[in-house]
Amino acid sequence: MDDSKAVDSVRSAVAALNDGNIQGYLGSFDPGCLRWVAGLDQPLSLAEVSNGLEQLNTAFESLHLHEDLLFGDHRFAFARWRMRGRHVKNYLEFAARGKPIDVETCEVYEIRGDRVVTTWTYGDLGQLFRQIADEEADAL
């Protein structure tokens, strides 16, 4: 895989996610892929990632992962994402109040062949919850 194919693979997966095609997104990942999230003791399995994405997609209207930065080489891709949407259905213990979200994360993807085999996610785990829970905050 040349340098642009690693980035293209990640970009293609996120395009599927932005179209609401979670299984299309996950199809770019090796079934044994682990997602290491800064702040969590254990990595998330692909099944756990799938479950989390389904919950987000259900609870947030117009959920979109915007690409702020994406580059890589033949083995790794790095991305800075901004997830945006509007909270329209209950999410975990948070009642929907129509509030917009704007959540920043960075991810590093290890790619082997045409599949992501490991992901490392960095960001403030609490920013989403603060945005939907803070009743006094103005809309974004």
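In this predicted model, K89 touches T58, A59 and A96, leaving out residues up to four places away in sequence. K89 is found in the loop between β3 and β4. K89 and S12 are 77 residues apart in sequence, and their C-alpha atoms are 27 Å apart in space.

**Helix α3**

- Helix α3 covers residues 46-59 and has 14 residues.
- At 1.5 Å a residue, α3 should span 20 Å, and its end C-alpha atoms are 20 Å apart, which agrees.
- The buried residues of α3 are L46, V49, S50, L53, L56 and A59.
- An α-helix has 3.6 residues a turn, so residues three or four places apart point the same way.
- L56, one of the buried residues of α3, is in contact with L63, M83, Y91 and L128, leaving aside its neighbours within four places in sequence.

- β2 and β3 pair in the antiparallel sense over ten bridges.
- A hairpin of three residues joins β2 to β3.
- The bridge partner of L65 in β3 is M83.
- β3 and β4 also run antiparallel, and eleven bridges join them.
- The bridge partner of R86 in β4 is P100.
- In a regular strand the side chains alternate between the two faces of the sheet.

- R82 has its place in strand β3, which covers residues 76-87.
- R82 is buried, because its relative accessible area of 18% is under the 20% limit.
- The side chain of R82 makes a polar contact with the side chain of E104, at 2.7 Å.
- The side chain of R82 also makes a polar contact with the side chain of D102, at 2.7 Å.
- Not counting residues up to four places away in sequence, R82 touches H64, L65, H66, D68, D102, V103 and E104.
- R82 and C106 are 24 residues apart in sequence, and 8.8 Å separates their C-alpha atoms in space.

**Aromatic residues**

- A pair of aromatic rings is described by the distance of the centres and the angle of the planes.
- A search of the whole structure finds five aromatic pairs.
- One of them is formed by F60 and Y91, with an edge-to-face arrangement: 5.4 Å centre to centre and 65° between the planes.
- This pair links distant parts of the chain, with F60 in strand β2 (residues 60-72) and Y91 in the loop between β3 and β4, 31 residues apart.
- F60 and Y91 are both buried.
- One aromatic cluster is formed by F60, Y91, F94 and F129.

**The nonpolar core**

- In soluble globular proteins, nonpolar side chains tend to be buried together.
- The largest nonpolar core has 33 residues.
- The residues with the most contacts inside this core are Y25, L53, L56, F60, I101, Y109 and L128.
- At least two residues of this core come from each of α1 (3-18), α2 (22-26), β1 (29-37), α3, β2, β3, β4 and α4 (127-133).
- α1 gives the most to this core, with six residues.

**Positive phi angles**

- Most residues other than glycine have a negative phi.
- S62 is not a glycine, yet S62 has a positive phi of about 55°.
- S62 is found in strand β2 and is exposed, because its relative accessible area of 60% is over the 50% limit.
- L92 is another residue other than glycine with a positive phi, near 55°.
- L92 lies in the loop between β3 and β4, where K89 is also found.

Key. Residues numbered from 1 in each chain as written. Predicted model: local features only at pLDDT ≥ 70, side-chain atom pairs only at ≥ 80, totals over all residues. Heavy atoms only, no water. Helix = DSSP H or I, 4+ residues; strand = E, 2+ residues; numbered from the N terminus. Expected span 1.5 Å × (residues − 1). Buried < 20%, exposed > 50% of the residue type's maximum accessible area, 1.4 Å probe, protein only. Polar contact = N/O pair within 3.5 Å; in protein donor to acceptor, adjacent residues only side chain to side chain. Contact = heavy atoms within 4.5 Å. Phe/Tyr/Trp six-rings, centres within 6.5 Å; stacked < 30°, edge-to-face > 60°. Pairing = 2+ DSSP bridges. Core = buried A, V, L, I, M, F, W, Y, C linked by side-chain atoms within 4.5 Å.
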